Amino acid sequence: MVDLFCGAGGASLGFHQAGFEIRGAVDIDEDALDTYERNLTDEGIVDFEPLQADLEETTFDEIRDHFGLEKGEVDVICGCPPCQNFSSLRDTTPWPEDEPKDDLLRAFVERIREEKPDLVFFENVQGILSSGEGAYIKWFRNQMEKVTREEDTEEQGGYGVNLKLVNAANYGIPQRRKRTIGVCVYGADSDDIAVRSPTHTENPDEDDERERWRWVQDAIVRDDLVNLSKGEKQDDDPAHRARNHRQKTIDLMEAIPDDGGSWMDLRGTEHEDLIRECHQNIDSGAGSAYGRMAWKEPAPTLTTRCTTPSCGRFTHPEANRSITPREAALLMTFPREFELPDRISAAERVVGNAVPPDLVEAMLYSPTVEGMFPS
Ligand SMILES: C[S@@+](CC[C@H](N)C(=O)[O-])C[C@H]1O[C@@H](n2cnc3c(N)ncnc32)[C@H](O)[C@@H]1O
């Protein structure tokens, strides 16, 4: 497997857990690559250093050369291109004139076309399904259906594409995280590709084969994590360190009820004046800012600002501080010992950007393409 847009290695770890051999990984971000190297290269999970390159400009021939791979040797390309780039394109492949454009999605398809592996695994935000009234996804599907190996006819070639919106909580991740997962199989009919059914549910009944959702407490209540106050850190775990919030923020957190409360609970109470000015006249929305996570629920979607209290429901269920990078990594199912960047802003970014390893592992047990997978 070769991991494009590999980030800190969440998807790579999931592939590793499922028994795949990872032979290359590429990203542009130095913090992400450094994290990948510290955890996957240094731990012997992969035997290469990930490549720092711009995937808009780096061909798969160059990627193959860099990692010492033969053409056709790669069975799987995994790719999570960020879809935030709406700039205009060098127009080499037809893309409807009046529709929104995305360079990185296009670059991803170009890299696939240069290798044509058996399987392409794709992860993206929920919004890609609806962006531009479905234009991106329609374009992606169309392009993939047309990719044909030299030795094949058009009928034999092309990728079958199954794109499914999944909630990570339904696969045992202690986080509500809706993502588009794509499984594309060369030469297959799209209708024959099944994405795995949920293994977890919110309220399983007695004869349900699915397990209960995993909650915040299932991931972050651990004997090996010290209870921290603002600004403190655990000596033997540099990633378990709390932000040094301003007193104004601490006052607000103190007033917000434990276990799932938010600033909205302060309305009409003696603490009403602590509500941020920007929230005072809001009826809904922005309700999650400064909110506390609930012990017995999955965490909300962790973003690239997931240790910043003003950016979402990222405050600890009880302590007067936001979650630490370590707690965020555990809510993403990264292993306990996974090392993170020292700068908290870099740590929250690489964690928030990741695909939860256990979600990838779960997705790789597809009932219809199992013949391709390691036992
Ligand atoms: C959604 S994240 C991928 C997360 C990763 N799959 C994981 O599981 O940890 C997208 C990644 O694309 C990278 N990226 C953005 N633009 C890029 C480019 N032009 N070339 C290569 N990588 C790029 C970002 O640095 C980021 O790490």
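Start at Glu337. At 60% relative accessibility, this residue counts as exposed, because the cut-off for exposed is over 50%. Keep in mind throughout that this is a predicted model.

**Stop 1**

Glu337 sits in the loop between helix 8 (325-331) and helix 9 (344-353).

**Stop 2: from helix 9 to helix 2**

Move to Arg349. Which residue does Arg349 form a salt bridge with? The partner is Asp31, and the closest N and O atoms are 2.9 Å apart. Arg349 belongs to helix 9 and Asp31 to helix 2 (residues 30-41), so the pair ties together parts that are 318 residues apart in sequence. Arg349 is partly exposed, with a relative accessible area of 24%. This contact is one of 24 salt bridges in the structure.

Next, select Asp29, in the loop between strand 2 (24-27) and helix 2. Its relative accessibility is 21%, so Asp29 counts as partly exposed. Asp29 and Cys6 are 23 residues apart in sequence, and their C-alpha atoms are 9.5 Å apart in space.

**Stop 3**

Go to helix 3 (residues 60-67), which holds both Arg64 and Asp61. Their side chains meet in a salt bridge, 2.6 Å from N to O. The two residues are 3 apart, about one turn of the helix. Asp61 is partly exposed, with a relative accessible area of 42%.

**Stop 3: a buried pair and its network**

Select Arg326 and Asp237. Here the side chains meet in a salt bridge of 2.8 Å, N to O. This pair links distant parts of the chain: Arg326 is in helix 8, Asp237 is in strand 11 (residues 237-241), and they are 89 residues apart. Arg326 is buried, with a relative accessible area of 3%. Asp237 is buried too, also with a relative accessible area of 3%.

With Asp237 and Arg326, they are linked in a network of salt bridges.

**Stop 5**

Switch to a cartoon view. Look for an open sheet of 7 strands with mixed pairing, in the order 3-2-1-4-5-7-6. Which strands stand at the edges? Strand 3 (51-52) and strand 6 do, each with a single partner strand, so one side of each is left without a neighbour in the sheet.

Zoom in on strand 1 (residues 2-4) and strand 4 (residues 76-79). They pair in the parallel sense over 3 bridges.

Now cross to strand 6. It pairs with strand 7 (residues 178-186) in the antiparallel sense, over 9 bridges. Select Asn167 and look across to Lys178 in strand 7, which stands opposite.

Finish by colouring strand 6 (residues 159-167) by accessibility. How many of its 9 residues are buried? The count is 7, so strand 6 is largely enclosed by the rest of the structure.

Definitions and conventions. Residues are numbered from 1 along each chain as its sequence is written. This is a predicted model: local features need pLDDT of at least 70, side-chain atom pairs count only at pLDDT 80 or more; totals for chains, interfaces and linings use all residues. Side-chain values use heavy atoms; hydrogens and water are left out. Helices (H or I, at least four residues) and strands (E, at least two) are DSSP runs, numbered from the N terminus. Buried means under 20% relative accessible area, exposed over 50%, partly exposed in between (1.4 Å probe, protein chains only). Two strands pair if DSSP finds at least two bridges between them. A salt bridge is a side-chain nitrogen of Lys or Arg within 4 Å of a carboxyl oxygen of Asp or Glu.
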